[in-house]
Structure formats: C-alpha cells, structure tokens
Amino acid sequence: MREIVLDTETTGLDPASGHRVVEVGCIELINRFPSGKTFHRYLNPERDMPSEAFAVHGLSGEFLKDKPSFSAIADELVSFIGEVPLVAHNAAFDFGFLNAELERAGKTPVARERMVDTLLLARRRHPAGPNGLDHLCARYGIDNSRRTKHGALLDAEILAEVYIELIGGRQASLILVESSLATADAGGAIIVRARPEPLPRRLTDAELQVHMAFIETLGSKAIWLDYRAVALG
C-alpha cells in the first residue's frame with residue numbers, strides 16, 4: 001500500500017486572502033514504512049513574505065525570489081502524489097492551500113476523500129491532548145531536536161514517524177519480526193521450540209475418568225484412542 005505524507009509552508013493562514021505556498025515536502029510510505037522517495041521544493045510565492053510567517057519557517061522573500069512558481073512544479077508534484085491517500089497534520093490547512101495552488105495552475109484539485117488527518121487520529125487516540133506535532137513526538141519518543149523552525153520536508157519526515165505510531169504500525173511490524181525470528185533459523189527452516197515446563201492439566205481427575213469412559217464406548221477404531229496416553233500423561 002502506498003501513502004504520501006505531506007506538509008506545506010505558506011505566507012499566511014488563508015489562501016482565500018491571497019496567501020501562497022512557499023515550500024512543499026512529501027514522504028512516500030510503502031506498507032507504512034518510508035521508501036526513501038521524497039518530493040521537496042521551495043517556491044516563489046510571487047508576493048511579499050509577512051514577518052509573522054517568516055518567524056515560523058524562516059523563508060525570506062529574498063531566498064525565494066529565484067525559486068520556481070507552484071505552476072512550474074505542479075505536474076511533477078501531481079505525478080508524485082498520484083491517487084493515493086495523503087497524510088497531513090491538521091490536513092484541512094494543507095489541503096486548502098494545495099488545492100488553491102492546483103486550481104490557480106489549472107490542475108484538478110485533490111479529492112477530500114484522500115485526506116488522512118493525523119490531528120484527528122491523535123484526538124481520537126489521546127482525547128486529553130495536547131496533540132501538536134511536537135507534543136506527539138514527546139509522547140512517542142521521536143527525536144525532533146532538528147525542528148528549530150518549521151520546514152516542510154523535515155516536518156513530513158517527523159510526521160511519518162508519528163503517523164506510524166498513531167496507527168500502531170510500528171508495534172505490529174515488531175511483532176511480525178519477533179515472530180519470524182522465533183520460528184525460523186537463518187536458512188528459513190522452522191524451529192520447534194520445547195516448552196520449558198508443561199502446561200498444567202485443565203481437567204480434574206474425575207473429569208478425565210468420565211472422558212476416558214466415554215472414549216471406550218466409541219469402539220476400537222476411535223481416533224481418540226491414539227491420544228489416550230497423552231491425555232493420561
């Protein structure tokens with residue numbers, strides 16, 4: 001299964017007010033593990049950079065002025081994200097900006113049904129909160145020390161780890177790995193491990209005698225006779 005974890009940085013909070021995307025970062029997950037494939041672009045917003053936004057992500061108008069516009073990378077981005085689910089934290093924000101940019105570039109907006117919001121997942125799993133990305137990193141022991149400012153690709157990388165924890169994917173994978181190590185050697189042969197101590201018998205002596213008496217009534221070819229010694233042991 002393929003999924004894309006996505007994050008954006010912008011010039012403000014509302015695309016309807018003329019704010020634009022200045023950075024987009026995507027991480028590809030295959031079966032809930034990062035594949036190593038990423039998409040990352042800085043973008044010229046074709047407008048000024050408000051000081052409030054600069055304080056969040058540190059991307060200045062001077063730095064972005066020679067970067068491509070969103071329309072110049074739209075086809076490449078659409079090709080990368082394909083038709084798979086898109087994972088984002090507070091996904092309505094990122095989807096709002098992404099679709100505004102796609103529409104401005106003459107591209108088809110991303111369907112809302114593809115949206116996987118990790119903020120909603122976190123609120124369901126941890127209703128008492130807090131559920132910001134940094135708080136979830138602390139909760140799950142994920143190193144976010146590199147996150148001195150918001151950055152789309154770094155945030156997507158961190159969010160991919162948080163998402164896997166939220167859906168229990170890491171625990172499930174560890175169980176599968178431990179199970180495979182416990183049952184097969186390096187050559188793939190199945191190892192039958194003896195129990196150190198036998199389990200206690202669940203039947204009382206009286207119940208066992210009743211059961212054995214019933215078996216005797218089944219005739220000399222009853223398959224249960226083959227297990228009589230085991231039952232009595």
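Colleague: In this predicted model, over the face of which residue does R41 lie?
Modeller: A charge counts as sitting over a ring only if CZ of Arg is within 6 Å of the ring centre and within 35 degrees of the ring normal. R41 is placed at 4.6 Å from the ring centre in question, and the residue whose face it lies over is F39.

Colleague: With which residue does R41 form a salt bridge, and how far apart in sequence are the parts that the pair ties together?
Modeller: The closest N and O atoms of R41 and its partner E76 are 2.4 Å apart. R41 is partly exposed at a relative accessible area of 26%, and E76 is likewise partly exposed at 39%.

Colleague: Which geometry describes the aromatic pair of F39 and F80?
Modeller: The rings of F39 and F80 lie 5.8 Å apart, centre to centre, with 35° between the planes. Planes under 30 degrees apart would count as stacked and those over 60 as edge-to-face, so the pair of F39 and F80 is described as tilted.

Colleague: Are F39 and F80 buried or exposed?
Modeller: The pair links distant parts of the chain, with F39 in strand β3 and F80 in helix α3, 41 residues apart. F39 has a relative accessibility of 3%, while F80 has a relative accessible area of 14%. Since the cut-off is under 20%, F39 counts as buried, and F80 is also buried.

Colleague: Which residue has its charged end over the ring of F80?
Modeller: The charged end that sits over this ring is 5.5 Å from the ring centre, and the distance limit applied is 6 Å. The residue over the ring of F80 is R2.

Colleague: What is the geometry of the aromatic pair formed by Y42 and F63?
Modeller: Y42 in strand β3 and F63 in helix α2 (residues 61-64) are 21 residues apart and link distant parts of the chain. Y42 counts as partly exposed at 28% relative accessibility, as does F63 at 34%. Their ring centres are 5.1 Å apart and their planes make an angle of 85°, which makes the pair edge-to-face.

Colleague: What is the relative accessible area of E3, the residue that forms a salt bridge with R32?
Modeller: The closest N and O atoms of R32 and E3 are 2.8 Å apart, and the pair links the loop between β2 (21-30) and β3 (33-42) with strand β1 (residues 2-10). R32 is partly exposed at 27%, whereas E3 is buried, with a relative accessible area of 3%.

Colleague: Which residues are linked with R20 and E46 in a network of salt bridges?
Modeller: The side chains of E46 and R20 meet in a salt bridge at 3.4 Å, N to O. Because E46 lies in the loop between β3 and α1 (51-57) and R20 in the loop between β1 and β2, the pair ties together parts that are 26 residues apart in sequence. E46 is exposed at 54% relative accessible area, whereas R20 is buried at 10%. The residues linked with R20 and E46 in the network are E101 and R104.

Colleague: Why are the buried residues of α6 on the same side of the helix, and against which helices do they pack?
Modeller: The buried residues of helix α6 (residues 133-140) are L133, L136, C137 and Y140. They are on the same side of α6 because they cover an arc of only 105° around the axis. The helices against which they pack are α5 (118-125) and α7 (152-166).

Conventions. Residues numbered from 1 in each chain as written. Predicted model: local features only at pLDDT ≥ 70, side-chain atom pairs only at ≥ 80, totals over all residues. Heavy atoms only, no water. Buried < 20%, exposed > 50% of the residue type's maximum accessible area, 1.4 Å probe, protein only. Helix = DSSP H or I, 4+ residues; strand = E, 2+ residues; numbered from the N terminus. Arc of directions from axis to C-beta. Contact = heavy atoms within 4.5 Å. Salt bridge = Lys/Arg side-chain N within 4 Å of Asp/Glu carboxyl O. Phe/Tyr/Trp six-rings, centres within 6.5 Å; stacked < 30°, edge-to-face > 60°.
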